[in-house]
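Dear colleague,

Here is the structure I said I would pass on. My notes on it follow below.

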Amino acid sequence: MLKRMRGMLCPGTVKLYTSQMTKIYPFLTIIGLLLGLTASAQFTKYSNEFLNIGAGARGMAMAGAQSASVSDGTAGYWNPAALANIRDKPQISLMHAEYYAGIGKYDFANLVLPLKDNKRTIGLTLLRFAVDDIPNTILLVQPDGTVNFDNITTFSSADYAFIFSLAQKADLSRNRRLNFGVNAKVIYRKAGDFATAWGFGFDAAALLSGKRWKLGVIAKDVTTTFNAWSFSLSEAIRQVFYETQNEIPGKSTELTAPQLLVGGSYNFRINKKVSLLVEGDLNVTFDGKRNTVISTNPVSIDPKLGLELSFKDVFFVRGGINNFQKALDDKDTTNHKKIWIYQPSVGAGFKVGDVQIDYAFTNLANQSYPLYTHVFSLRLDLKRKEKKK
């Protein structure tokens, strides 16, 4: 891959590019070693899955195909290396979505601050996914066997992620740029008054850009992300667990396996006013066999495809497809035939000055069991105060 990338450069930039690649070799070696060392670890499949929902209506409308083409503050979620392309102006991004008829709420907030040299950018991101009004029926049946509905209470389960991003750019030539980025993640999860967890992890990313094309690579949870759980159960609940032969939970650690995302995009210029952006991504997981297009143990690969049609860089129409799975065909009465199903999404966006509003109609599940929701997000470019002379 590195040879192909080197061949894309003109002779006058090979020396500079080689210098930059020399700096990356230790970075790539560390990632490779970490992936190899964690291959035999005992991971929790689908751990911290709320971090895979997405961020920003633009990215969710394009089915999460954002590893290369992301260009706003949501890069703190999709590819931190792309934050280095945000220069001169700080930026704020906000998003809200609801699931399960409003019971589940998903929120995203992001602040991007370019540094004075315009070579480095920092990002602060907050993610929250919460489900409210969950019935607690543990004490429904009393010791004498009678049912007391007054003992039914409700609680909330909330997952938080705080992400600190740092990105730096390196110009290879006039039309080519190589960016690096890292994420430091702090995770807090809470299930009522019963359980809490703290977790920590890191992401590493790179983005190579040309005039119309981009290549992105992101290693998520590169050192593995862990959640340390602690439980606080009343004596009454412990007694119920004991009598019903349920395991009484104690302190535990949940490990999240690394993920590798690789994506490429190309911007086709149809005419002076209209352009079409196409991106394809591969999501490579290492936590065991999954129901994906390429499914092996422990590696599985899930493809994504996203499109964005732009008119004067003011109005945008988007679409995407991902989450390919094999499922039983509803038309087959023998319940043996399987077909491929997928998760489509569509959306639009409008930009006026320093304000951009995006919309997505997306599905949290798949085509067979749809869980669609409307997603809105706002991007605001802030003006920097000019220093007085």
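**Notes on the model**

Val 293 counts as partly exposed because its relative accessibility is 42% (buried is under 20% relative accessible area, exposed over 50%, partly exposed in between, with a 1.4 Å probe and protein chains only). Val 293 sits in the loop that joins strand 11 (274–285) to strand 12 (294–295); strands are DSSP runs of E, at least two residues, and helices are runs of H or I, at least four, numbered from the N terminus. Beyond four places in sequence, Val 293 contacts Ile 301, Pro 303, Phe 324 and Trp 340 (heavy atoms within 4.5 Å). Trp 340 is 47 residues from Val 293 in sequence, with 9.0 Å between the C-alpha atoms.

This is a predicted model, with local features needing pLDDT of at least 70 and side-chain atom pairs pLDDT 80 or more, while totals for chains, interfaces and linings use all residues. Residues are numbered from 1 along each chain as its sequence is written, and side-chain values use heavy atoms, without hydrogens or water.

The chain averages a pLDDT of 83, and 86% of residues score at least 70 (pLDDT is the predictor's confidence in each residue, from 0 to 100). Over residues 1–40 the pLDDT is below 50. Where pLDDT is low, the predicted coordinates should not be read in detail.

Lys 220 belongs to strand 7 (residues 213–220). Among the residues Lys 220 touches, leaving out those up to four places away in sequence, are Leu 51, Tyr 77, Asp 203 and Pro 258.

Regards
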